Amino acid sequence: MKFPWTILRFDELESTNDTAREIALAGTTPLPFVVRSELQTRGRGRGQNVWHSDRGSLTFTLAMSPSAFGLSPRQSITVGLSSAVCLIDLCQQYHEKTLMIRWPNDVESEGRKLAGLLPEWIQPTSKRDPVILLGVGVNVTTRTRELPEEVRELAVSLAELASSSTSTIQIDDDVRDRLFDEFLNKLPGVLHELAHDGPELASRWARLDALRDHAVRVDLGHGVMIIGHGAGIDSLGRLLVQNELGRRTIVGGRVLRD
């Protein structure tokens, strides 16, 4: 049985996450719902980051009740990782390039970002249950050469990955819509598996860890920086960093790119 998503479609929004948050807080649309926009002009990434997109990008935000899946706040980090595993499985069918997870919320190929996921837990009121917002942005037919200079070399699209492999699939707007539908159909099962602490999910995100054995710099804020080598992602979704002081467990922070 399909999960009962209500899909709210827009031609242009500043941010699907911000719009979904406003709707969820207002309580005007029952959960679960999806806000999808053909163009996002001020998309949000993690922290203060901006998600650059065009009409070739697939951008949407899910609003869900944690209780619908049996999820608890302790799984806030792993919601993003599990969703990234789900997205990788779907994107992998269109090309032969290897996709990895850059902790905590990016999907990339050979260091170039294909997609980003932004999970947030919000509490509308003390009398209402919390809501999970999951923002998703995927470069499908995105014209990466036209992106701002500071991100141009760090981005890749699904179309570019397909064109550089032996794939004969034409990546177009039909693929963008198909990927959207497939994600909505597949994600509920993945989140149910996460709620029951399915060990396969944790082993998947551990195997897909793009930072393992690579030099890592994590900005924890307030002038605190952790420098070392990636030592994996544990079953709770925490990043492990090894340095001369031992192994550090990172729950929050910003992994810096060189």
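Which strands each supply at least two residues of the lining of the second largest pocket? They are strand E6 (100-102) and strand E10 (215-221). The model is predicted.

**Second largest pocket**

- The volume of the second largest pocket is about 300 Å³.
- Its lining counts 18 residues, and Arg-102, Glu-108, Ala-210, Leu-211 and His-214 are the closest to the pocket centre.
- E10 gives the largest share of this lining, with three residues.
- By type, the lining residues of the second largest pocket are eight nonpolar, two polar and eight charged.
- Rolling a probe the size of a water molecule over the atoms is a way to show where empty space is left.

- Glu-108 sits in strand E7 (residues 106-109).
- Is Glu-108 buried or exposed? Its relative accessible area is 6%, under the 20% limit, so Glu-108 counts as buried.
- The side chains of Glu-108 and Arg-257 are joined by a polar contact of 3.2 Å.
- Leaving out residues up to four places away in sequence, Glu-108 touches Thr-98, Leu-99, Met-100, Arg-102, Lys-113, Leu-114, Ala-210 and Arg-257.
- Among those partners, Arg-102 and Ala-210 are also listed with Glu-108 as closest to the centre of the second largest pocket.

**Nonpolar cores**

- The largest nonpolar core has 58 residues, and Leu-62, Leu-114, Val-138 and Phe-183 touch the most other members.
- Helix H5 (residues 173-195) gives the most to this core: ten residues.
- A separate core has ten residues, including Leu-13, Ala-20, Ile-122 and Val-131.
- In soluble globular proteins, nonpolar side chains tend to be buried together.
- What does Phe-183 contact, leaving aside neighbours within four places in sequence? The partners are Phe-60, Leu-62, Ser-83, Cys-86, Leu-87, Leu-90, Leu-134, Val-136 and Pro-188.
- Leu-62 is one of these partners, and Leu-62 is also among the core residues that touch the most other members.
- Leu-114 is another of those core residues, and Leu-114 also touches Glu-108.

**Cis peptide bonds**

- The Leu-31 to Pro-32 peptide bond is cis, with omega near 0 degrees.
- Pro-32 is placed in the loop between helix H1 (16-26) and strand E2 (33-40).
- Trp-103 and Pro-104 are also joined by a cis peptide bond, with omega about 0 degrees.
- Pro-104 belongs to the loop between E6 and E7.

- Glu-110 has a positive phi, near 50 degrees, and is not a glycine.
- The loop between E7 and strand E8 (112-122) holds Glu-110.
- Relative accessibility of Glu-110 is 67%, over the 50% limit, so Glu-110 counts as exposed.
- Asp-213, another residue other than glycine, has a positive phi near 70 degrees.
- Asp-213 is part of the loop between helix H6 (199-207) and E10.
- Asp-213 is exposed, at 60% relative accessibility.

**A buried threonine**

- Thr-59 lies in strand E5 (residues 57-64).
- Thr-59 is buried, at 2% relative accessibility.
- The Thr-59 side chain reaches the backbone oxygen of Ser-37 at 2.9 Å.

- Lys-97 sits in the loop between helix H2 (76-91) and E6.
- With a relative accessible area of 26%, Lys-97 is partly exposed, because the value falls between the 20% and 50% limits.
- How many residues apart in sequence are Lys-97 and Ser-164? They are 67 residues apart, yet 8.4 Å apart in space, C-alpha to C-alpha.
- Not counting residues up to four places away in sequence, Lys-97 touches Gln-92, Ser-109, Glu-110, Leu-161 and Ser-164.
- Arg-178 is in helix H5.
- Arg-178 counts as partly exposed, at 38% relative accessibility.
- Arg-178 and Leu-90 are 88 residues apart in sequence, and their C-alpha atoms are 9.8 Å apart in space.
- Leu-90 is also one of the contacts of Phe-183.

How values were computed. Residues are numbered from 1 along each chain as its sequence is written. This is a predicted model: local features need pLDDT of at least 70, side-chain atom pairs count only at pLDDT 80 or more; totals for chains, interfaces and linings use all residues. Side-chain values use heavy atoms; hydrogens and water are left out. On a 1 Å grid over the protein atoms alone, a cavity is a set of points where a 1.4 Å probe fits but cannot get out, and a pocket is an open set with protein on both sides within 12 Å along at least five of seven lines; lining residues have an atom within 4 Å of a point. Grid points are joined across faces, edges and corners, and a volume is the space filled by probe spheres set on the points. Helices (H or I, at least four residues) and strands (E, at least two) are DSSP runs, numbered from the N terminus. Ala, Val, Leu, Ile, Met, Phe, Trp, Tyr, Cys and Pro count as nonpolar, Asp, Glu, Lys and Arg as charged, and the others, Gly among them, as polar. A nonpolar core is a set of buried Ala, Val, Leu, Ile, Met, Phe, Trp, Tyr and Cys residues joined through side-chain atoms within 4.5 Å. Buried means under 20% relative accessible area, exposed over 50%, partly exposed in between (1.4 Å probe, protein chains only). Contact means heavy atoms within 4.5 Å. A polar contact is a pair of N or O atoms within 3.5 Å; within protein, one must be able to donate a hydrogen and the other to accept it, and residues adjacent in sequence count only if both atoms are side-chain atoms.
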